[in-house]
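The following note sets out points for a colleague to check against the coordinates.

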Amino acid sequence: MRGDTSNPASTTPRQFLDELARTQRKRLAGAAACGVLAGASTTALLVGLAWLVDQLIVQGQSLRSLSGVFSLLVVLVVLRACMQWGQETLGIEASLRIRQRVRRRLLEQLAALGPLWLTRHQSGALATQVVEHVDALEGYFARFHPQLRIVVVLPLLIACVVGALDYVVVIFLLLAAPLIPFFMALVGMGAERLNREQFGAISRLSAHFVDRVRGMSTLQLFGQTEQARRDVWYATDEYRRLSMKTLRLAFLSSAVLEFFASVAIAVVAMYVGFGLLGYIDYGPASSLTLFSGLAVLLLAPEFFQPLRTLSQHYHDRAAALGAAESLVYLLDQPRKAAGPANTPGTGALFELVDVEIGHDDESVLREVSLVLESGDVVALTGASGSGKSSLLALLAGFMAPRGGECRRCPHVQMAWLDQSPCLLQGSLADNLALADPEAGPEAMREALNQAGLGELLETLPQGLETPLGERGVGLSGGQAQRLALARIYLSAAPLVLLDEPTANLDAETEAFVVEALGRWASAGRTLVIATHHPHVRSIASRHWHCAHQRLEEIAP
């Protein structure tokens, strides 16, 4: 059997965005409805204003007699403000919930892909996807998506009102309106491509910068800091140029769209002006009044306003599609099966039957059959690249077999220790809490004592709250390894997998690690230790050796 789980057919970026929009359908529909109501309030307000001017100037009505109309206009202004607030609030809330949902999916996907997959990808690029690319979805759902619904309803509503006043003006507006979506589509194709390139550039820049920061000590050692600075500058300059190209396209598209809208409004203004002066006598022009002429002139910009607003937010769509492409790629990565449903025999933690282990299309171990029982202490030996780490990763559930059958005891607790322990930026307590979040200060101090860090703890003014830098900056290599040992003490996991735990350690720390392994073995823990150290092999009850893509057990 194969370890890759079959994912559903890959989704396109547009399908991905539509799927996310459906999760917040009610809020997005509410935002669009508020936008339509705000536009309707504006339409009623402008018509009322035109009627008010006509009554004051042409009909000679007094301000006192029109006080009711003034009150109605004030109500419309307040209603319009409330609807705009509702549109913005609902859109932002929907966008926030969608981005939280996407981030959860991404983190779950990264956890399911496992450490081996993560080691083959740059952490800076992945961090950019989880942070920057997800944030790029904000404008699409908060502004563009509701506006896309508004632009379908509101111009038609305004066209109906204008048509009731003068059908010739409606013809002008309807002839000019398609030009804006047409140019939006042309601009959108170029903007989408530029945004994809921009997101790719920022991912490379993030990964480039993180790699240089992590390797700063090595760069200083070999005198390459100036070259690294130039490399970062060139990468930053590439991102700057792509950003400026995107901005130029956005400004150019806005100028073109504003031009066509302005021309259409100018044509309406000329028609109204010549009609009122009596130079146009066909159609409804001869019956134009101050009220009808002023009303259609005020409504003409409002007819185009939803389209202009949509064009202003069109770059949000391009940015979202560019970000969605990278997010879909990550979410569509095939997950590795954590383990089959079959369970091993009584007393066994793992049972492998004719298992093939490998990466991509390359096998490192074939026809592996073994049984790991509770309480075993296994020394795993072999040359570098022979498959020791891959076998440990299979037992840990970090990868799946390429073939054969892997039976795992369900719900077995496991601890992992390698030659480069994972230490996070935070306090000593924060790093110990990774093993047992419920552990109290006394349990943490006992674990540190067992790991030989009790004396160090006593010399630290802040004790367990002493801060550590990323990857254990502030501790020596031996102290970092002992802190990792303390975490295993704290976890009390019955199964411990160790990958070269004594490599690159000084003699004192190496002896302490071997002594700790012996204590764990005496306590009944199951140990599988990839090692070349003869003292480690001396405490093992079983010996597995990897060679020539085969695993054989050597009698102790």
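1. Helices and strands are DSSP runs, a helix having at least four residues and a strand at least two. The model discussed here is predicted.

2. Residues 28-53 are 100% helix and 0% strand, and 38 Å separates their end C-alpha atoms.

3. A nonpolar surface patch is formed by Leu56, Ile57, Val58, Leu63 and Phe70, which together have about 460 Å² of accessible area. Isoleucine 57 belongs to helix α2, which covers residues 25-57. Its relative accessibility is 63%, so isoleucine 57 counts as exposed.

4. Strand β1, residues 348-359, is mostly covered, with 9 of its 12 residues buried. It runs antiparallel to strand β2 (residues 362-373), to which 8 bridges join it. Within this pairing, valine 355 faces valine 368 of β2.

5. Strand β1 also pairs with strand β4 (residues 403-408), again in antiparallel fashion, through 5 bridges. Here glutamate 351 has arginine 407 of β4 as its bridge partner.

6. Side chains of opposite charge can pair when their charged atoms come close. The structure contains 15 salt bridges. One of them joins aspartate 316 and arginine 143, with an N to O distance of 3.2 Å. This pair links distant parts of the chain, 173 residues apart: aspartate 316 lies in helix α11 (residues 314-331) and arginine 143 in helix α5 (residues 138-165). Aspartate 316 counts as buried because its relative accessibility is 7%, whereas arginine 143, at 35%, counts as partly exposed.

7. A further salt bridge connects arginine 550 with glutamate 367, their closest N and O atoms lying 4.0 Å apart. Because arginine 550 is in strand β11 (residues 550-554) and glutamate 367 in strand β2, the pair ties together parts 183 residues apart in sequence. The relative accessible area of arginine 550 is 36%, so this residue is partly exposed; glutamate 367 has 55% and is therefore exposed.

8. In the salt bridge between aspartate 376 and arginine 542, the closest N and O atoms are 2.8 Å apart. Aspartate 376 is in the loop between β2 and β3 (377-382), and arginine 542 is in strand β10 (residues 542-547), so parts 166 residues apart in sequence are tied together. Both partners fall under the 20% cut-off for buried residues: aspartate 376 has a relative accessibility of 11%, and arginine 542 a relative accessible area of 15%.

9. Is histidine 533 buried or exposed? Its relative accessibility is 14%, and histidine 533 therefore counts as buried. This residue sits in the loop between β9 (526-530) and α18 (534-538). When neighbours within four places in sequence are left aside, histidine 533 is in contact with Thr502 and Glu510.

Conventions
Residues are numbered from 1 along each chain as its sequence is written. This is a predicted model: local features need pLDDT of at least 70, side-chain atom pairs count only at pLDDT 80 or more; totals for chains, interfaces and linings use all residues. Side-chain values use heavy atoms; hydrogens and water are left out. Patches are made of residues with over 30% relative accessible area and no salt bridge: like charges are joined within 9 Å, nonpolar side chains (Val, Leu, Ile, Met, Phe, Trp, Tyr) within 5 Å. Accessible areas come from the Shrake-Rupley method with a 1.4 Å probe; for residues, only the protein chains shown count as cover. A salt bridge is a side-chain nitrogen of Lys or Arg within 4 Å of a carboxyl oxygen of Asp or Glu. Buried means under 20% relative accessible area, exposed over 50%, partly exposed in between (1.4 Å probe, protein chains only). Two strands pair if DSSP finds at least two bridges between them. Contact means heavy atoms within 4.5 Å.
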